[in-house]
Amino acid sequence: MNPRRRWVKGHVPGEVNLDPAAYTASDLPGDKNVTLVFYCKDPGCGAARHAARRAERMGYPHVFVMPDGIEGWVRAGNAVEQG
């Protein structure tokens, strides 16, 4: 849920960058029983919550938001992927 310029600098490994207001069901996995985790830059960003609600309305029951965003991920010592 981060702008592309920020996303290329560091994101959760394997993560797919989506536009929180414009992604469609075809951008998500076909298996609606997968777990989806949305995140932004930090807790102040609401885009991840918005995107998660959209996924729930599309019928995905296992949707979560990483509340501290990528900044919290990095602070916790987790690896990021670039590019």
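**Around the ring of Tyr-23**

Arg-54 lies over the face of Tyr-23, 4.4 Å from the ring centre. The model discussed here is predicted.

Trainee: Nice place to start! How many aromatic pairs does the structure hold, and is the pair of Tyr-23 and Phe-38 stacked or edge-to-face?

Mentor: Good one. The structure holds one aromatic pair. The ring centres of Tyr-23 and Phe-38 are 6.1 Å apart and the planes meet at 25 degrees. Planes under 30 degrees apart count as stacked, so the answer is one pair, and it is stacked.

Trainee: Which parts of the protein does the pair tie together?

Mentor: Tyr-23 sits in the loop between helix H1 (4-7) and strand S1 (36-38). Phe-38 belongs to strand S1, so the pair links parts 15 residues apart in sequence. The parts tied together are that loop and strand S1.

Trainee: Are Tyr-23 and Phe-38 buried or exposed?

Mentor: Of the 83 residues of the protein, 31% count as buried. Both Tyr-23 and Phe-38 are buried.

Trainee: What pattern does the protein follow along the sequence?

Mentor: Start with the elements: the protein has three helices and two strands. Read along the sequence, they give α-β-α-β-α.

Note on methods
Residues numbered from 1 in each chain as written. Predicted model: local features only at pLDDT ≥ 70, side-chain atom pairs only at ≥ 80, totals over all residues. Heavy atoms only, no water. Phe/Tyr/Trp six-rings, centres within 6.5 Å; stacked < 30°, edge-to-face > 60°. Helix = DSSP H or I, 4+ residues; strand = E, 2+ residues; numbered from the N terminus. Buried < 20%, exposed > 50% of the residue type's maximum accessible area, 1.4 Å probe, protein only. Lys NZ or Arg CZ within 6 Å of the ring centre and 35° of its normal.
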